[in-house]
Amino acid sequence: MSSLRLLLGLIPATSKIEQAEKALKDEFEKLHLFEKSETLSRYLKLDDLVNSSAFIEKRKEIESLRYRDSAEYDREKEFNSLQKSKDIVLYFRTVSGSMLRQFRELDGSKKIKDFEYLENFIGSNAFRQKQKMKPITFKDSDEYRKFLEYKSLKSDPEIKAYYKALRKKKNPSKPKVVEKFEELGRYVQSQEFLTKKNMKPVTFKDTEEYKKLLEYKRVKNSPEIREYYKFRDSKEYANFLDTDGSSRLARYNELKEYVAGQEFREMKSYLLDRKRFEKTEMFREAEEYKKLKKNEDIIWYFKVKDSDKFDELRNKELVFTDDFNGDRLDTGKWLTNFYWGEKLLKDRYSVGNDLQAYTEKENFEVRNSILRIQTKPHKVTGKVWSATEGFRTKEFSYTSGLINSGNSFRQKYGIFSAKIRLGNPSARNNFWMLAGKITPHIDICRTSGGKVWADYISGKDGIARSAISSKFASGFYIYTLEWTKESLVWKINGEEFFRQTTDVPQEPMYVLLAGGLEKPISGSTSMEIDWVRVYQFK
């Protein structure tokens, strides 16, 4: 039963339907192409990356870094502390100064050894005793003792007796004591004795020890020695000895080398840089992701991809189509005869009360992507078939054309659609479907008796049909049959105008398009087909 909208002629314009369908298909194709695009692939990859917990945690980690919280800061702080410490400062002042160098040049030298020998000598007990000596006069000498011995012998009776006898010109033998006396006499008369007798008193200053004392004092008071021992006994040198080779100095040198290194400088610069994240590959990826997220195609894609906008297209697949874009009929798709006439009779025939004979190509014209099936006056002899009489010869006054896909395409269930201008509503121009036999027979649309019809002949319950206004024959309209297991639904420009839910065909069928006449007309008429499309439900 026709809808009120059909009766009022309020169905959508064919051009708008096609524009909308083309726009939807183009957008759906765009969706498919975009799904394979580098842009979407990159976005999805970045979306997974940037929104991953690992990326988020790593970003937080980088952005939260502070130099004061780093090991680098602790090491630099330790280095600065060591660098300013008194012992380290004094150590390097000592190392770079001249005192240590001069000290090292003297240390262990002959000068130092000689000085320390004198110092040890001066500090010895023997020297101290020598230093306390009383002045030595002639009376303290061996010479004086010999002089006293001489004087003593001079009064010796034996000696006196000897010389007395000698004076009496006796020739006495000389006793040893006289010999000793004479020897001493000669000695005390000698220049050596006289010099000794006249000697000045000998004091400490006249000794070798005193000379060594003077040498010691001279050397000790020399700037070189004074500086040597002053430095040796200084806190500076003590600090040098404590610091040199120490673990503390080793740590200082280790840290000095570390903070001067390229790795430390780069890390410090990195940690002090408040924009450090902006210089990472992660930031570039995040920015690229942010930019892509605002990309119009990305926004559009996620808006439509899971919507129901394309359900109509997703739920069907185009399996047979002809847009008649060539300059002749595609005989790989279409037979220009009834299927059984081609397969069994090998000849063309008409049916029942047809006033037209079907030709092979004379009544077809393909131009500007339109197939025109022309019905025109033309006397010919041909065959006609009826259920009661079978085939017989008949004289026809008209010719027309018929095409079918019985040889190339058949399908059970689906959407069968064509954009057609049916033409003269009093002619019999038809878009219909057949199976292997005469029935089931489905007229998706046909003209007859001044109307546009939809018919279903199941072969069981007779004929079910519906008619709509003849005005739908004069322009291009999209006629559609939606065939499911449970129903047949006829539509024109998307508006349902007939439905059948009993005895629904359950076998593959093929499509036919044909012109024809049931009653004579003046002149010729034609049916124009822009396209034919068959979809399979997914």
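A residue is called buried when its relative accessible area is under 20%, exposed when the area is over 50%, and partly exposed in between, as judged with a 1.4 Å probe on protein chains only. The model is predicted, so local features need a pLDDT of at least 70 and side-chain atom pairs count only at pLDDT 80 or more, while totals for chains, interfaces and linings use all residues. Residues are numbered from 1 along each chain as its sequence is written, and side-chain values use heavy atoms, with hydrogens and water left out. Helices (H or I, at least four residues) and strands (E, at least two) are DSSP runs, numbered from the N terminus, and contact means heavy atoms within 4.5 Å.

**A residue in helix H7**

- Met-99 is found in helix H7, which covers residues 98–106, and at 27% relative accessibility it counts as partly exposed.
- Although Met-99 and Tyr-228 are 129 residues apart in sequence, they are 8.2 Å apart in space, C-alpha to C-alpha.
- When neighbours within four places in sequence are left aside, Met-99 is in contact with Glu-227 and Phe-231.

**Two pairs of helices**

- Two packed helices are described by the angle between their axes and the distance between the axes; here axes are lines fitted to C-alpha atoms, for helices over the stretch in contact, and angles run from 0 to 180 degrees between N-to-C directions.
- Angles under 35 degrees count as roughly parallel, over 145 as roughly antiparallel, 65 to 115 as roughly perpendicular, and the rest as oblique.
- Helix H10 (residues 142–154) and helix H12 (residues 176–188) have axes that come within 9 Å and cross at roughly 130 degrees, which makes H10 oblique to H12.
- The contact between them is made by Glu-143, Lys-146, Phe-147, Glu-149, Tyr-150, Leu-153 and Lys-154 of H10, together with Val-177, Lys-180, Phe-181, Leu-184, Gly-185, Tyr-187 and Val-188 of H12.
- Sorted by class, the contact of H10 with H12 has eight nonpolar, one polar and five charged residues, where Ala, Val, Leu, Ile, Met, Phe, Trp, Tyr, Cys and Pro count as nonpolar, Asp, Glu, Lys and Arg as charged, and the others, Gly among them, as polar.
- Helix H6 (residues 86–96) and helix H17 (residues 247–259) have axes that come within 11 Å and cross at roughly 80 degrees, which makes H6 roughly perpendicular to H17.
- In this second pair, Asp-87, Ile-88, Tyr-91 and Phe-92 of H6 make the contact with Arg-248, Leu-249, Tyr-252 and Asn-253 of H17, and by class there are five nonpolar, one polar and two charged residues.

**Nonpolar cores**

- A nonpolar core is a set of buried Ala, Val, Leu, Ile, Met, Phe, Trp, Tyr and Cys residues joined through side-chain atoms within 4.5 Å.
- The largest nonpolar core has 47 residues, of which Ile-420, Tyr-479 and Leu-513 touch the most other members.
- Apart from neighbours within four places in sequence, the residues in contact with Ile-420 include Phe-431, Cys-445, Tyr-479 and Leu-513.
- A second, separate core of 33 residues includes Tyr-67, Leu-82, Phe-127 and Ile-225.

**Backbone exceptions**

- Most residues other than glycine have a negative phi, and most peptide bonds are trans.
- Phe-324, although not a glycine, has a positive phi of about 55 degrees; Phe-324 is placed in the loop between strand S1 (316–322) and helix H22 (339–345), and its relative accessibility of 4% means that it counts as buried.
- Lys-346 is not a glycine either, yet has a positive phi of about 55 degrees; Lys-346 sits in the loop between H22 and strand S2 (349–351), and at 63% relative accessibility it counts as exposed.
- The peptide bond from Thr-439 to Pro-440 is cis, with omega near 5 degrees, and Pro-440 is found in the loop between strand S9 (430–434) and strand S10 (441–448).

**Two lysines in loops**

- Lys-309 is placed in the loop between helix H20 (296–304) and helix H21 (311–314), and its relative accessible area of 38% makes it partly exposed.
- Not counting residues up to four places away in sequence, Lys-309 touches Leu-24, Glu-27 and Val-304.
- Lys-275 lies in the loop between H18 and helix H19 (281–293), and at 51% relative accessibility Lys-275 counts as exposed.
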